[in-house]
Amino acid sequence: MRTQAFENAYGGTPSWEIGRPQGAVLRLEEAGRIGGSVLDAGCGTGDASVYLARRGHHVVGFDFAPSAIAIAARKAADAGLAGRARFFVADALRLGDGLQAADVAPIAFDTVLDIGLFHTLQPTDRRAYVAALRSLIAPDGRLFLLTWSDRNPFGYGPERVRRRDIRAAVAGRWRVESIVDEALETRLGAGHAHAWLAELSPLPVADTSRVAGPGAKLTPPRSRRHPRASQE
Ligand SMILES: C[S@@+](CC[C@H](N)C(=O)[O-])C[C@H]1O[C@@H](n2cnc3c(N)ncnc32)[C@H](O)[C@@H]1O
């Protein structure tokens, strides 16, 4: 689905819009796995971002669907959290342009969350996308991907992603700490679907230029560190 299709979906209530953060996000946060500053990639209407801001994180959310971003910004404002949860319109495949256009201070995030964006991208676009995310993460930060999985039946939901698809997309940029079974809650059928939760840590890369451009300021204060992942 491209931008207009998502815009149309946000004209109603999309199947992924469950009115609260995914249980996987709550479990990560409650386990102390989410570091201080958070980039919420493909944030939709911002339920995860606003929840994490309420928990004390500084959150930046982006999405290419303007109506989702408008709703997310309103939720943050209504919760009195507009200073801690900021949102902007950007295409994940042109993230540097989006950061500059939105005048978002270039920072290295402690945590990047992708809850349901990765699996909507064409397989050929995924490597460039995760490379762009790599340039926005603190050296000891974490990327958590929650994707639709190939354990779901054919013909149901979006692109079915295999573990090896995740490994191939991130190779050379991210170390795979773990890829574990998770649930993705939806408004479809049984109310949840099979997902993979991947925990990824950044590999050192020779080219350290950041998508936000030269002179980027790095590593804002953090509230917490990431314990090591327990499982591959
Ligand atoms: C399945 S929805 C999940 C939304 C949100 N993370 C949630 O958990 O409710 C995927 C989101 O990714 C966004 N998206 C898809 N492709 C994108 C792209 N290339 N750039 C930015 N956002 C994108 C869509 O607009 C949509 O909001």
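Tutor: Leaving aside residues up to four places away in sequence, Gly61 touches Asp40, Cys43, Gly46, Ser49, Ala72, Ala85 and Phe87, where contact requires C-beta atoms, placed from the backbone, to lie within 7 Å. The model is predicted: local features need pLDDT of at least 70, side-chain atom pairs count only at pLDDT 80 or more, and totals for chains, interfaces and linings use all residues. Residues are numbered from 1 along each chain as its sequence is written.

Gly61 is buried because 29 other C-beta atoms lie within 10 Å; the term buried applies at 20 or more such atoms, exposed at 12 or fewer, and partly exposed in between. Leu39 is 22 residues from Gly61 along the chain, yet their C-alpha atoms are separated by 5.8 Å.

Gly61 belongs to strand S2, residues 58-63; strands (E, at least two residues) and helices (H or I, at least four) are DSSP runs numbered from the N terminus. S2 pairs with S3 in the parallel sense over 5 bridges, pairing being assigned when DSSP finds at least two bridges between two strands. One of the residues involved is Asp63, whose bridge partner in S3 is Val89. Helix H4 (residues 66-78) packs on the sheet and touches both S2 and S3, its direction making about 165 degrees with that of S3; such angles run from 0 to 180 degrees between N-to-C directions, with axes fitted to C-alpha atoms, for helices over the stretch in contact.

The open sheet as a whole has 7 strands in the order S3-S2-S1-S4-S5-S7-S6, with mixed pairing. Its edge strands, S3 (85-89) and S6 (174-185), each pair on one side only.

Technical notes. Contact = placed C-beta atoms within 7 Å.
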